[in-house]
Amino acid sequence: MQALPLKALSPDGLKRKIIVRLSRIWEAKNRDTGLVYELAFAAVDHEGTVMEGNVPVISMAQFKDVLKEGTIYTIQGFMVKPARGKYRTVDNDHRITITQYTKVEQAVPEPLGIPLVAHSLQPLSVLEKRARSVIVLSDVLGLVTDMTGLIPPKGQGQPRRNIKIKDIDGHQFTITMWGHQAENFDEESVRASSAQGSVAILFVSMTVDHYLAKLCFKATSLTRSYINIPIPEMSTLRARYRINVKARDIGYTEEDEEEIGCFTFFGKQGKILTGYDEELVIGTAEGRPNYLPPAVANVVGRKYLVTARVNQEIYAQDNIPFRVSTTELIGSPAPLLQAASNTNPPRELPSPELIGSPAPLLQAASNTNPPPEVPSPSPAKEAPGPSEGNSDSVATPPIDAIETLDSDAEEVSTDILIPSIYYSKEVYHQPT
């Protein structure tokens, strides 16, 4: 029997087969009695279609030890019913029901191409319509820009935690987590990761609301959070703003063989490099991939002290690739240079903000008299750092460091001075 995609299922017949990953599994309990009435799950297939499912309590003993979260299964002989009326964890009008006659087998070998997490990211227009509705719970993905520590409850209430994120379109949202969700959130890991690079989190099964006329999200008992996981949407988000340049070591002389390095500046490092938020720099290009914005042209002739890490995945090439983790301007900036392809230039940028060596993005928050919501962070608090596993992330050390690099090492860090940065098609990356 050929496996069907989830989108082809309808409430008729039992003779059908699907191959899905059970991304999340949980016990559904009666809110009044606390008794478990079903084993529920969120499934996703190779097309990325998501669907909720359940095992009624009468069949739970048969399947509870068989179904493992994150595993891919072949499922045959199941029922398809209408989705429940509210608190749907996925946006689908149908629901799988596994009965005592259903055949469930782990898919071996495991098929490729099935997403790791069952999720559905919706545009802002859809999320706005879901505000104050509990029919369908929502998922949201963004870079962490700020967060509180655990906020103690008032009276008989629950502790909470506020997390500020920015999505790929620049929209900023506040995520509020309550009770055990707030207590179990891995704050320490997020703060440590923010010192090394951008931190992206996917929150699933949230309710949507408004606070001070702004869209916000609130956790439910079904909410999960996934931090810096290898899914395409997260990789795209973390690599959204980057500026690529080439430079040579400050110790280079005419007698030396010139060592050229490729550098990629992500997030806050791009702001330190140019003096502007990356979205402003990208906006001036207005879709022209070969246009050199004045903010990027202005780095020519500047000197920087940077800390860079070897990208071992593409180590065997002429220009040794590194990822820049810290950047500091040395001396005064040169006058602004005009872009070579500056015919009918787009809008001007405001005066640049020159900033020094960056600190980790997220500082430990005080729980003393916390505000009701996370305050809007300044652009300088945006998460620095490279995209996970991005092969375009590159930079170079000084000549003596290049000669002593251990190709077996996972990463190498060194400080370098950059006397000149010159333009090529790789200097400025216009994201697609």
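The turns below cover the sheet and its strands.

Analyst: This is a predicted model: local features need pLDDT of at least 70, side-chain atom pairs count only at pLDDT 80 or more, and totals for chains, interfaces and linings use all residues. Residues are numbered from 1 along each chain as its sequence is written, and side-chain values use heavy atoms, with hydrogens and water left out.

User: In what order do the seven strands lie in the open sheet?

Analyst: Strands are DSSP runs (E, at least two residues), numbered from the N terminus. Two of them pair if DSSP finds at least two bridges between them. Pairing in this open sheet is mixed, and the order is 5-6-3-2-1-4-7.

User: Which are the edge strands?

Analyst: An edge strand here pairs on one side only. That holds for strand 5 (79–82) and strand 7 (103–106).

User: Why is strand 3 largely enclosed by the rest of the structure?

Analyst: Buried means under 20% relative accessible area (1.4 Å probe, protein chains only). Strand 3 spans residues 50–56. It is largely enclosed because the number of its seven residues that are buried is six.

User: Over how many bridges do strand 3 and strand 6 pair?

Analyst: Strand 6 covers residues 94–97. In this pairing N54 stands opposite T97. The sense is parallel, and the bridges number three.

User: Which residue in the turn between strand 2 and strand 3 has a positive phi?

Analyst: Strand 2 (residues 36–44) pairs with strand 3 in the antiparallel sense over seven bridges. The two form a hairpin with five residues between them. A phi of about 85° belongs to G48.

Terms used
Buried < 20%, exposed > 50% of the residue type's maximum accessible area, 1.4 Å probe, protein only. Helix = DSSP H or I, 4+ residues; strand = E, 2+ residues; numbered from the N terminus.
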